[in-house]
Amino acid sequence: MKFALQKSPIPESRIFVAKQLKEKHFDATWHAHSEYQVFLVLKGSGTRFIGNTVQSFNAGDLTFLGPGLPHLWRSDSVYFDKSSKRATLGLVVYFRADFIGDLIEKDEMQQVRSLFKKAKRGIEYYGQTVSKLSSMMNGIVSAHGATSLIQLLQMLELMAQTKEYRLLHNADYTYKLKESETRRINLVINFAAQHFRERIELESAAALLNMTPTSFSRYFRMKTSKSFSDFITELRIRHACKLLSEEDDKTISQVSYECGFNTLSNFNRQFKWYMKMTPKTYRGNFSTL
């Protein structure tokens with residue numbers, strides 16, 4: 001895969017890097033790098049794009065990504081508002097694929113080898129595993145010397161053994177973005193993230209890249225494995241999930257229009273297709289927790 005890889009966040013003198021990220025909003029750039037990445041959201045909400053998947057994120061979102069898998073955590077619009085006092089906070093651990101050298105081929109590392117293979121698709125953790133991994137990540141960030149490396153290996157062991165995870169990116173699709181194309185895809189993704197609640201004409205998106213609608217449609221599908229209209233619908237559905245689970249005062253009809261759907265019937269149909277349940281059932285699942 002030839003992708004616009006960011007400069008390595010790991011100095012040559014280090015085996016890995018673990019740090020806290022505290023910013024007004026998370027990096028809004030669609031990018032990839034040659035290191036493995038474990039990322040935990042402590043504060044903040046928005047939409048994350050990993051490979052060809054779109055998901056909402058909130059505090060407690062914890063993922064493990066393999067090298068070269070493009071990703072973006074785009075914070076909600078309020079985090080870009082200069083008058084807002086909201087800020088994001090996260091913990092991240094980067095390490096190279098060869099950070100333990102030939103040890104990875106030994107029998108004792110079989111589960112970790114399997115974990116690294118799964119990470120090529122991106123892994124999302126949930127349940128009690130998130131709480132345990134969060135504690136471990138905090139320990140790694142504050143630790144020094146060999147102790148920090150031992151804690152990293154212990155964290156990888158837990159990640160490899162737990163059953164509380166989901167694979168994300170579609171294994172059948174491989175990205176082939178060149179560096180010159182990354183800026184173009186970023187333009188489209190950020191435009192869509194800002195305007196998905198509105199009616200978006202294909203011509204408007206195509207104009208961002210100085211393309212005809214037909215050429216743009218072909219280009220977008222080739223680079224993301226989905227049509228632009230499906231991409232917008234997915235953004236709307238993920239935002240609807242967020243509203244249904246967090247804002248009980250809004251009716252399903254209000255949620256529908258607030259997410260950019262013109263009719264309630266279309267919203268119900270699209271929601272059921274993407275989420276395999278009705279909006280009412282989805283909301284009910286949260287109200288019984």
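**A loop residue, a pocket and a helix**

Mentor: Please bear in mind that this is a predicted model. We may begin with Thr162, which lies in the loop between helix H3 (145–161) and E9.

Trainee: Is Thr162 buried or exposed?

Mentor: Thr162 counts as buried, because its relative accessibility is 10% and the cut-off for buried is under 20%.

Trainee: Which residues does Thr162 touch, leaving aside those up to four places away in sequence?

Mentor: Thr162 touches Tyr125 and Thr129 on that basis.

Trainee: Turning to the largest pocket, how much space lies in it?

Mentor: The largest pocket holds about 710 Å³ of space. Its lining comprises 26 residues, and the closest to the pocket centre are Gln55, Ser56, Glu124, Tyr282 and Phe286.

Trainee: Which elements give two or more residues to that lining?

Mentor: They are strands E4 (53–57), E8 (123–125) and E9 (165–167), together with helices H7 (228–246) and H10 (279–287). H7 gives the most, with five residues.

Trainee: What is the lining made of, by class?

Mentor: There are 13 nonpolar, seven polar and six charged residues in the lining.

Trainee: Back to H7: how many of its residues are buried?

Mentor: Of the 19 residues in H7, 15 are buried, so the helix is mostly covered.

Trainee: And what span should H7 have?

Mentor: At 1.5 Å a residue, the 19 residues of H7 should span 27 Å. The end C-alpha atoms of H7 are 27 Å apart, which agrees.

How values were computed: Residues numbered from 1 in each chain as written. Predicted model: local features only at pLDDT ≥ 70, side-chain atom pairs only at ≥ 80, totals over all residues. Heavy atoms only, no water. 1 Å grid on protein atoms, 1.4 Å probe; cavity = no way out; pocket = protein on both sides within 12 Å on 5 of 7 lines; lining within 4 Å. Points joined across faces, edges and corners; volume = space filled by probe spheres on them. Helix = DSSP H or I, 4+ residues; strand = E, 2+ residues; numbered from the N terminus. Nonpolar A, V, L, I, M, F, W, Y, C, P; charged D, E, K, R; others polar. Buried < 20%, exposed > 50% of the residue type's maximum accessible area, 1.4 Å probe, protein only. Contact = heavy atoms within 4.5 Å. Expected span 1.5 Å × (residues − 1).
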